[in-house]
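Visitor: I have a fold open on my screen and would like to learn how to read it. Could you walk me through it, one feature at a time?

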Amino acid sequence: MLLRRSLSSAHTPVTVGIRREDPRRIWERRAPLTPDDVHKLVSAGVAVQIEPCSRRIFPDAAYVSAGAQLTPSLATSPAHIVLGIKEPPLSEVPAAPVPAPTASFWQRYGYPTVPRTHLMFSHTAKGQTYNIPLLAKFLVPGPTTSPEFRPRLIDYELLTDAHTGKRSIGFGWFAGGTCPPISLAGVLESLSSAAHSHLENGIATPFLVRPSPFSLSTFSAHPTQSTPRPHTHPTLASLQTTLRSIGEQVAQGAIPPALGPFVIGLTGTGNVAQGCLDILQYLPIENVQISNLHALVTNPDTPLNKIYLAHALPKDYLVRLDGQPYDRAHYYTHPQSYRSTFCETVAPYLTLFLNGTGWSPNFPRLMTNNQLIVALDRARTFPGWRFTNVGDISCDIEGGLEFLTHSTTLSAPSYNLELDLASPSSLPPVRIMAVDILPAALPLDASVHFSRTVLGYVSGLVRGYQDGAGWVGGGVKEEDAHGEGEGEGARGEWTREIEELGRATIACGGRLVGEHRWLGDGVDAFWEGGSAGGRALDGVERGLGKKQRERGGGGGRKKRVLMLGSGMVARPAVEEIAKRGDVQLVVASNSLVELERLGREFLNIQYKLLDIDVDDNEGGAMDALIEEADVVVRKHLVTASYIAPDTYALHERAVQADLVFLNEIGLDPGIDHVSALDLIARLRSEGKIIKSFTSFCGGLPAPNVEHTPLRYKFSWNPNGVLVAGLNRAKFLLNMRVRVC
């Protein structure tokens with residue numbers, strides 16, 4: 001009602017535009033607004049224009065019936081607010097201002113035109129280099145003091161609750177249900193993948209179109225259905241109905257004897273795993289304890305009219321190295337004291353494995369590459385095709401399942417793992433489903449939920465175009481942008497949406513906004529590089545960007561910090577540096593998995609993938625980093641690493657540049673060195689003579705810890721300790737300097 005009243009006096013309405021998605025994204029069929037919600041806007045006096053798209057989940061005719069107008073291109077449309085899902089092609093980003101709504105705030109303050117507002121998942125907030133050209137479309141090159149009517153960029157991902165920091169909008173959950181789309185799509189894609197894998201091995205299961213052996217006479221009239229791939233069904237209810245029909249066939253004994261008991265294994269205890277449990281209930285499920293799997297699979301009389309579900313919890317496959325029972329609190333504080341026995345106690349018995357648990361680098365993997373061989377070798381001793389099908393719903397590349405080498409797409413949802421692990425040639429291939437865009441497989445339910453959430457923000461923007469609320473610094477003078485409306489009470493109802501939209505704004509009025517100003521270096525380099533923007537961006541990632549141009553509100557160039565490495569030692573430093581608003585951190589590493597994990601956790605970092613061990617005769621990225629004296633050589637260096645020959649080679653250049661390279665300084669071994677020198681200096685100041693000095697560097701003796709073979713607790717990489725033990729040493733013993 002408030003929206004309808006606020007628009008009642010407008011002669012030319014605010015216009016909302018819905019653009020088509022990038023045609024290269026063939027599986028992106030989701031829509032930001034449903035026809036029903038478009039009708040609500042039109043009924044409130046808002047004009048809606050939509051670009052035609054034959055791939056969108058809702059047909060164009062449905063939008064027209066709701067009151068929208070089709071337009072060939074929003075570039076020539078008067079749309080004030082442009083909605084999409086993913087980032088569009090650069091050529092399809094309308095940037096020119098549009099006429100101000102009649103009798104609106106803008107016209108009353110002398111603004112005949114107004115900037116547009118774009119809402120999308122832009123993938124620019126983390127400084128992603130591939131989308132810097134898109135970000136540049138919203139900015140003005142060089143310093144600017146006058147208002148610029150460049151469009152406003154709002155990212156859905158940045159719409160968050162002010163108190164909890166949780167995202168306010170997304171495709172994570174469907175309205176009215178408890179099953180996450182990632183779980184629903186993951187289970188169905190995995191069952192479909194397994195059905196095709198079994199068929200390739202000569203076995204047709206009820207998860208393909210196949211009549212029940214007890215109803216052959218009625219098959220032609222009532223055919224069974226194959227496992228539904230989510231994108232082939234219109235609604236969640238339709239998927240559930242089809243899966244229930246397959247379950248009825250299983251209950252009639254449709255599992256082939258050659259396959260034996262159909263056992264599904266599941267890991268995880270969070271929302272993803274719970275969603276898997278919810279959708280599997282449409283099948284004739286019988287839960288089975290992990291300890292009973294061997295008897296179940298080896299018993300020739302096990303009924304084949306059920307699906308057996310083994311939900312493996314951490315206590316079922318994690319064992320302590322000291323022989324004590326699993327303890328959750330102890331595990332999370334001492335994960336190195338555990339190992340996984342999943343390859344022995346669970347995997348060999350499974351027909352299909354659904355992985356719904358996450359993984360962190362300092363925790364034991366669920367299964368390593370070598371453990372996969374152990375599991376397959378043991379599995380072939382049991383009847384049926386065991387552990388030949390995996391659905392990794394968590395899709396953590398080289399994570400908990402080390403052998404997961406890459407993600408897949410909806411066009412090709414699974415792949416056969418090539419066992420290049422010195423494995424016996426008789427082992428069967430493993431079919432792996434690892435789609436990383438599972439929610440897009442359910443475009444209808446996802447769009448309905450998303451539209452219901454985004455409608456409130458669109459309404460808030462409509463109100464802003466009427467009374468100016470939320471436009472300070474965005475192409476309008478601050479003294480004009482106090483907002484108007486129906487009194488404080490009416491405006492107060494819009495406060496949350498307006499505040500969240502403000503925090504989610506990356507660019508406005510041709511300038512980067514607030515905490516996003518650090519992105520200016522990348523855009524500057526793109527403009528300087530012209531068509532060779534890729535090379536210019538590469539320079540920025542190496543710390544070679546020019547002085548950042550000021551954009552609204554002042555503020556100089558951020559200090560750029562380059563971190564080499566992204567492992568366990570790096571993360572605490574990244575967390576601390578990322579707190580600084582005046583620092584831009586670039587993390588360079590040879591592990592894309594670790595870099596992407598850091599990139600998801602911390603918004604204000606950039607990352608550079610490079611491998612210093614690769615011999616690149618044409619000059620690799622690391623060579624470029626070293627050769628650029630402005631970045632590496634002409635800066636003081638403090639590192640915990642030992643002094644290597646390559647470091648010694650830089651000594652003369654460092655002296656000439658008046659630089660200090662301080663090695664072996666950090667938590668370890670830095671504390672050892674500093675404390676040792678402090679002790680020696682204090683003893684000498686007291687007139688005492690030091691005859692010998694021994695230091696247990698890098699760890700502590702632990703004679704009582706039985707699961708540590710060396711009886712030594714490491715405080716750093718054990719391999720590093722052993723390698724360092726082979727180095728030459730110079731020490732004082734019995735008043736004599738010794739070298740060994």
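**Reading the sheet, the cores and the charges**

Guide: Let's start in the sheet: β4 and β7 run parallel and are joined by four bridges. One of the pairs there is Ile-81 with its bridge partner Thr-117 in β7. Keep in mind that this is a predicted model.

Visitor: Which strand pairs with β4 over three bridges?

Guide: That's β1, again in the parallel sense. Here Gly-17 has Val-82 of β4 as its bridge partner. Strand β4 is mostly covered, with five of its six residues buried.

Visitor: What is the order of the strands in the open sheet?

Guide: Read across, the eight strands go β3-β2-β1-β4-β7-β8-β18-β19, and the pairing is mixed. The edges are β3 (69–70) and β19 (511–512), each of which pairs on one side only. At the β19 end, β18 (residues 505–508) pairs with β19 in the antiparallel sense over two bridges. There, Cys-508 has Arg-511 in β19 as its bridge partner.

Visitor: Which helix packs on this sheet?

Guide: Look for α14, residues 443–467. It touches β1 (15–18), β4 (81–86), β7 (117–121) and β8 (152–155), and its direction makes about 155° with that of β4.

Visitor: Back to Arg-511 in β19. Is Arg-511 buried or exposed?

Guide: The cut-off for buried is under 20% relative accessible area. Arg-511 has 16%, so it counts as buried.

Visitor: How should I read the nonpolar cores?

Guide: The general idea is that in soluble globular proteins, nonpolar side chains tend to be buried together. In this chain the largest nonpolar core has 60 residues, and Val-16, Leu-33, Ile-81 and Tyr-156 have the most contacts inside it. Helix α14 gives the most to this core, with nine residues. Apart from it lies another core of 41 residues, including Leu-296, Ala-310, Ala-375 and Phe-387.

Visitor: What is Ile-81 in contact with, leaving aside its neighbours within four places in sequence?

Guide: Among its contacts are Val-14, Val-16 and Gly-17, then Thr-117 and Leu-119, and also Val-458, Leu-461, Val-462 and Tyr-465. Now set that beside the helix: α14 spans residues 443–467 and touches β4.

Visitor: And the charged residues? How many salt bridges does a search of the whole structure find?

Guide: It finds 15. As a general idea, side chains of opposite charge can pair when their charged atoms come close. Take Arg-380 and Asp-377, whose closest N and O atoms are 2.5 Å apart. Arg-380 is partly exposed at 41% relative accessible area, and Asp-377 is partly exposed at 31%.

Visitor: How far apart are the closest N and O atoms of Lys-315 and Asp-316?

Guide: They are 3.6 Å apart, and the two residues form a salt bridge. Exposed means over 50%. Lys-315 has 53%, so it is exposed, whereas Asp-316 is partly exposed at 23%.

Visitor: Let's zoom out. How many helices and strands are in the chain?

Guide: There are 25 helices and 28 strands. Of the chain's 740 residues, 49% count as buried. Among contacts with a separation of 6 or more, 69% are between residues 24 or more positions apart.

Key:
Residues numbered from 1 in each chain as written. Predicted model: local features only at pLDDT ≥ 70, side-chain atom pairs only at ≥ 80, totals over all residues. Heavy atoms only, no water. Pairing = 2+ DSSP bridges. Contact = heavy atoms within 4.5 Å. Axes fitted to C-alpha atoms, helices over the stretch in contact; angles between N-to-C directions. Buried < 20%, exposed > 50% of the residue type's maximum accessible area, 1.4 Å probe, protein only. Core = buried A, V, L, I, M, F, W, Y, C linked by side-chain atoms within 4.5 Å. Salt bridge = Lys/Arg side-chain N within 4 Å of Asp/Glu carboxyl O.
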